[in-house]
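Subject: Structure handover

Hello,

Here is the structure I promised to pass on. Please open it and keep it on screen while you read the notes below.

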Amino acid sequence: MSDAPAPKLGQWTKLLIEMGPLVAFFIANWKAGIFWGTGIFMAATAAALTASWVLTRKIAMVPLVSAVFVALFGALTLWLHSELFIKVKVTLINALFGAVLLGGAAMGRSYIKLIMGEAVRLTEEAWRTLSIRWGVFFLAMAVLNEVVWRNFSTDAWVNFKVFGLLPITLAFAFANAPYMTKHMIEDDKTEAQ
């Protein structure tokens, strides 16, 4: 077995794998409705995970958990012919991520560091702060999803899922960039210095 690092995806390939299922969901819902959209979303998510595995020989935890939720709640949506399940999936996955991050922070663990730690080196206090910030953010997104799907049409909810959640998440990530830059560890000096 080789000790060579796993190959990295190019930016366009990574974007296609990450965004492809969401775009497929939007187009299928627009053309054929929520049930076709859900089925296409499930198939595209499985294809994206497979492509990620084939190209890198690894699957990150967040996409894997998301895929499990898509499969479970998508299957319930199709089996029971109720759009409720695919809508609630967004609430539950955001609530789960929020609870895990906040619960980890309460126990002195930074699960966000497990996800981002290979790419960014921060002080432990910065990881804790980011865990709390992202935990609260995910809980707020869960609440926002509940408000949208309960008060607007299915098509409006799909538009929110595709064109609202991602920009809001990106804006939040960019808003945290200065904090991360301020607390980045530049070299091998210990955090205590």
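How do α6 and α8 run relative to each other, roughly parallel or roughly antiparallel?

The model is predicted, so local features need pLDDT of at least 70, side-chain atom pairs count only at pLDDT 80 or more, and totals for chains, interfaces and linings use all residues. Residues are numbered from 1 along each chain as its sequence is written, and side-chain values use heavy atoms, with hydrogens and water left out.

**The whole chain**

The chain has eight helices and zero strands. Helices (H or I, at least four residues) and strands (E, at least two) are DSSP runs, numbered from the N terminus. Along the sequence the pattern reads α-α-α-α-α-α-α-α. The C-alpha atoms fill a box of roughly 60 × 45 × 25 Å along the principal axes. Of the 193 residues, 34% are buried. Buried means under 20% relative accessible area, exposed means over 50%, and partly exposed is in between (1.4 Å probe, protein chains only). Now take the contacts with a separation of 6 or more: 70% of them are between residues 24 or more positions apart. A contact means heavy atoms within 4.5 Å.

**α6 and α8**

Back to the question. Helix α6 covers residues 124-151 and helix α8 covers residues 165-182. They pack at an angle of about 160°, with their axes 12 Å apart. Axes are lines fitted to C-alpha atoms, for helices over the stretch in contact, and angles run from 0 to 180 degrees between N-to-C directions. α6 and α8 are therefore roughly antiparallel. The cut-offs are under 35 degrees for roughly parallel, over 145 for roughly antiparallel and 65 to 115 for roughly perpendicular, with the rest oblique.

The crossing of α6 and α8 is right-handed. A crossing is right-handed if the near helix is turned clockwise from the far one by less than a right angle, and left-handed if anticlockwise. On the α6 side, the residues that meet α8 include W134, F137 and M141. On the α8 side, F172, A173 and Y179 are among them. By class, this contact has 12 nonpolar, three polar and two charged residues. Ala, Val, Leu, Ile, Met, Phe, Trp, Tyr, Cys and Pro count as nonpolar, Asp, Glu, Lys and Arg as charged, and the others, Gly among them, as polar.

**α2 and α3**

Look at this pair next. Helix α2 (residues 34-56) packs with helix α3 (residues 61-80) at an angle of about 150°. Their axes are 9 Å apart. α2 and α3 are therefore roughly antiparallel. Their crossing is left-handed. F35, F41 and L49 are among the α2 residues that meet α3. The α3 residues there include L64, V70 and L78. This contact of α2 with α3 has 11 nonpolar, five polar and no charged residues.

**Two polar contacts**

T154 is in helix α7 (residues 154-163). T154 counts as buried, because its relative accessibility is 15%. Its side chain makes a polar contact of 2.9 Å with the side chain of K87. A polar contact is a pair of N or O atoms within 3.5 Å; within protein, one must be able to donate a hydrogen and the other to accept it, and residues adjacent in sequence count only if both atoms are side-chain atoms.

S110 is in the loop between α4 (84-106) and α5 (111-116). S110 is also buried, at 14% relative accessibility. A polar contact of 3.1 Å joins the side chains of S110 and S131.

Y111 lies in helix α5. Leaving aside neighbours within four places in sequence, Y111 is in contact with V100, L101, G104 and S131. At 25% relative accessibility, Y111 is partly exposed.

**Two loop residues**

Most residues other than glycine have a negative phi. R57 has a positive phi, near 60°. R57 is in the loop between α2 and α3 and is exposed, at 54%. H81 has a positive phi too, near 50°. H81 is in the loop between α3 and α4 and is exposed, at 56%.

Best wishes
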